[in-house]
Structures are given as C-alpha cells and as structure tokens.
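Have the viewer ready as you read.

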Amino acid sequence: QVQLVESGGGLVQAGGSLRLSCAASGRTFTNYAMDWFRQAPGKEREFVAAINWSGARTYYADSVKGRFTISRDNAKNTVYLQMNSLKVEDTAVYYCAAETVYGRRSPDYWGQGTQVTVSS
C-alpha cells in the first residue's frame, strides 16, 4: 500500500500561483511514477501531469502545458505541482496518484484530493 496526502490547495485570484505537495508513505517511493489529476464540478476526472520515478521525464495535458510544472524530491518522498498563471477554469479538486508504469495514466493509488479555487 501507498498512502498519499496532498496539501497546498486554496483560493487564489486568476493569474496567481499555488504549489501543491503530495507526501507519500508506505512502499518505496522510487518504485512509482507520480501523476496529478483534477476533477472540476460536474466533470470527469482528467489527467494533468506525470513524472517518472527519477524525475527525468515529465509530460502535461495541453491545457496546463507551459503553466504547470511537476517535480519530485525522492529524498522527501514528495511530489509537487507548481501552478502559475492560474485561470478560473483550473478550479478543481486536485488528486495525487501513484502508478507503477509511467505514462499509463491508470494509477494504483490515489490521495484524498485538495481543493483549488481560482477566482476572477
């Protein structure tokens, strides 16, 4: 089992920035690629960003490319999502997830989510 706990969500004005963190515990952190997903009210959960076990490879949804940056600190068992130039449409619950295969977008473990609200 892997336990994931997100933090860093909140209310921010459009154009602002937030950094989300996700602390992992349980199994060896470097065994997993890490993802961020989000779910807006009334919409399906969608992929946001992914990072491989070492941090050398990343990729992003087109909607956040150039504005969001995913990173990880394996010494701290933590993955981050730096969100800049936030838009109202970025409002959602953001979920951290862990999966054994980078790029599969089918996580094995999920966090509980953290709310991000962007006001106009």
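## Terms and basis

Throughout this report, buried means under 20% relative accessible area, exposed means over 50%, and partly exposed lies in between, with a 1.4 Å probe and protein chains only. This is a predicted model, so please note that local features need pLDDT of at least 70 and side-chain atom pairs count only at pLDDT 80 or more, while totals for chains, interfaces and linings use all residues. Residues are numbered from 1 along each chain as its sequence is written, and side-chain values use heavy atoms, with hydrogens and water left out.

## The disulfide

Let's begin with the cysteines. A disulfide is a covalent bond between the sulfur atoms of two cysteines; the cut-off here is a pair of cysteine sulfur atoms within 2.5 Å. The structure holds 1 disulfide, and it joins Cys-22 to Cys-96 with an S to S distance of 2.1 Å. This pair links distant parts of the chain, with Cys-22 in strand S3 and Cys-96 in strand S9, 74 residues apart. Strands, like helices, are DSSP runs numbered from the N terminus (helices are H or I, at least four residues; strands are E, at least two).

The link of Cys-22 and Cys-96 is left-handed, with -75 degrees about the S-S bond. Both Cys-22 and Cys-96 are buried.

## Ser-21 and its contacts

Ser-21 is also found in strand S3, which spans residues 18-26. Ser-21 counts as buried because its relative accessible area is 17%. Which residues does Ser-21 touch, not counting residues up to four places away in sequence? With contact taken as heavy atoms within 4.5 Å, they are Val-5, Glu-6, Ser-7, Trp-36, Thr-78, Val-79 and Tyr-80.

## Salt bridges

Side chains of opposite charge can pair when their charged atoms come close. A salt bridge here is a side-chain nitrogen of Lys or Arg within 4 Å of a carboxyl oxygen of Asp or Glu, and the structure holds 6 of them. One of these joins Arg-67 and Asp-90, at 2.7 Å from N to O. The two residues come from distant parts of the chain: Arg-67 sits in the loop between strand S6 (58-60) and S7, and Asp-90 in the loop between S8 and S9, 23 residues apart. Arg-67 and Asp-90 are both buried.

Arg-38 pairs with Glu-46, their closest N and O atoms lying 2.6 Å apart. Arg-38 is buried because its relative accessibility is 6%, whereas Glu-46, at 35%, is partly exposed. A network of salt bridges links Arg-38, Glu-46, Arg-67 and Asp-90. Another salt bridge is formed by Lys-65 and Asp-62, with 3.0 Å between the closest N and O atoms. Here Lys-65 counts as partly exposed because its relative accessibility is 48%, and Asp-62 is exposed at 67%.

## Positive phi in the loops

Finally, have a look at the backbone. Asn-77, a residue other than glycine, has a positive phi near 55 degrees. Asn-77 lies in the loop between strand S7 (68-73) and strand S8 (78-83). With 28% relative accessibility, Asn-77 is partly exposed.

Arg-105 is not a glycine, yet it has a positive phi of about 60 degrees. You will find Arg-105 in the loop between strand S9 (92-99) and strand S10 (109-110). Is Arg-105 buried or partly exposed? Arg-105 counts as partly exposed, because its relative accessibility is 44%.
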